[in-house]
Structure formats: structure tokens, C-alpha cells
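Colleague: I have a model open and I'd like to learn how to read it. Could you walk me through it?

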Amino acid sequence: MDARSEPPDNGESVVRLPLGRTNAYVVRGPAPILVDAGMPGQHGALCRHLRRLGLDGADIALVVVTHAHVDHTGGLPWICRATRAPVACHRDATAPLRAGLNAALRPRTPLGWAMLPILRRGPRPPCVEPDLVIDREISLQPYGTAGFVVPTPGHTRGCLSVQVGHDAVVGDLLMARFMGPRRPIAPFFLEDAVSWEHSLRLLLARGVERFHTAHGGCFEADAVVSLLKNVTR
Ligand SMILES: [Zn+2]
């Protein structure tokens, strides 16, 4: 693992676990929570990241799947074997998770359309039986963390975010712009643009100041507000 792929261990409660082109996250606390699990075959890197944080699979109290796309669900079979932690997903993610399919991939941009056949030829997601199906906000207090899992549909209808204080792990609700100045953009794949905007406004209203994404790291609330000002439908 080279230095660029090591998670920053700065004592923050939300720690990014870089897995190539995607990020998983750990929410630290008395009972750590893993958010997403990377691509199939990335469990080795996931395991190394957890060890560096002094954790192993058995320490994880809950696994939250932000949505049913293979770059977020691929490592679930390993994490399910390594821990007895329940796997939580949105109600609308249960069918693709169980069937080993990707949830909707609705391109928003020409690049999204160009990527679609490549993704369809890519690795198949594993079949996973979720333990906890979420269709409304839930508290993480039973898992030892003062935070919440919040439905944030848009990228797909079955998307979740994990909020701890002023931080939220948002999966693919946002992504980094590919070229030019670094700033957040809407994901290349957007199933429901109206819900997407509502989800971002909801998180801002809930006091989220840092949006931790799967593709592009962290964005401050100001950048998200600017993005929403420029939204045209
Ligand atoms: Zn996705």
C-alpha cells in the first residue's frame, strides 16, 4: 500500500478508506461502523486499512451499504464472514442486493452513457442478504454512535447517508468534477434528479458541513450550496 492510498489517521470520527477509484469509510466510536465495502477482490485492502486503525472485521458493529452498486457492495461477502455485524441497506436496495445485481444506472451525462456498457461488462455484484432494511431515518445509538442513517435517494432510489455530527458519508450523492478546479458535481448516474436535490438540501438542513464521497473525497457545505444554486432542470 503506498502512502497515497493510506487512510488519514487524524483522530477524526469519519475515516476514509481509499480503495482505488472508490472510498469506503469507518465511523469510529465504541462500536465502529463500516460504510460501504469496495469492489469485489478489494477485501485485502479493506482489511489492511482496518488493521492500521487498530480494528479487524470482528470489531465492526454495523455495515451500512450506501447503495447497491458493485463498487460499494463487492467486499460484503468478506466483511460478512469476518464479522457478525448486521448489513444495513435502504429498502429499495434489497432486491438488487439479494439478486447480485446493480441498482439502476441512469446516465446523466455523455460520459455516463459512455461508461454504461463498460460497467455492464464489469464484475457482477455479490448476492447479499441484508439484515437491516431502512426506509426512514434511524439512530445509530443502539450501535454506540451518536449519529443517524438517513435515506438520501437520487443517485439511485435506494441510497443512504450516514451522519455523525457535522459529517456525513454520502456515497455517490456527490462526486468530484473530473477536470478543472476541484468541486462537487452531481453523479454521472442519476436516477431521480428531484430526490437528489431534496436529499442534499435535507443534509444541509441537518447541519452537515462536510460531505464525504465515494469518488472524490470530502466537500464542504459551501461547495454543495454553490452546486445547488447552479442546478437547472
Ligand atoms: Zn453508485
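Colleague: Let me begin with a pair of strands: how many bridges join β7 to strand β8, and do they run parallel or antiparallel?

Modeller: Keep in mind that this is a predicted model. Two bridges join β7 to β8 (residues 147-151), and the two strands run antiparallel.

Colleague: How do I read the buried side of a helix?

Modeller: Start with the general idea: an α-helix has 3.6 residues a turn, so residues three or four places apart point the same way. Now look at α1 (residues 43-52), whose buried residues are His43, Leu46, His49 and Leu50. They cover an arc of only 120° around the axis, which puts them on the same side of α1.

Colleague: What do those buried residues pack against, and which exposed residues sit on the face turned away?

Modeller: The buried ones pack against β1 (14-19), β2 (22-27) and α3 (76-82). The face turned away carries Gly44 and Arg51, both exposed.

Colleague: What about the core?

Modeller: In soluble globular proteins, nonpolar side chains tend to be buried together. Here the largest nonpolar core has 60 residues, and Ile33, Val63 and Val64 touch the most other members. Take valine 63: leaving aside neighbours within four places in sequence, its contacts are Leu34, Ala37, Ile79, Ala85, Val87 and Ala88.

Colleague: Stepping back, how many helices and strands are there, and why can the chain be called as compact as a globular protein of its length?

Modeller: The chain has seven helices and 14 strands. Its radius of gyration is 16 Å, close to the 17 Å that the globule rule gives for 233 residues, so the chain is as compact as a globular protein of that length. The C-alpha trace spans about 45 × 40 × 40 Å along its principal axes, and 46% of the residues count as buried.

Colleague: And what share of the contacts join residues at least 24 apart?

Modeller: Counting contacts between residues at least 6 apart in sequence, 66% do.

Note on methods
Residues numbered from 1 in each chain as written. Predicted model: local features only at pLDDT ≥ 70, side-chain atom pairs only at ≥ 80, totals over all residues. Helix = DSSP H or I, 4+ residues; strand = E, 2+ residues; numbered from the N terminus. Rg over C-alpha atoms; globule rule 2.2 N^0.38 Å. Buried ≥ 20, exposed ≤ 12 C-beta atoms within 10 Å, placed from the backbone. Contact = placed C-beta atoms within 7 Å. Arc of directions from axis to C-beta. Pairing = 2+ DSSP bridges. Core = buried A, V, L, I, M, F, W, Y, C linked by C-beta atoms within 7 Å.
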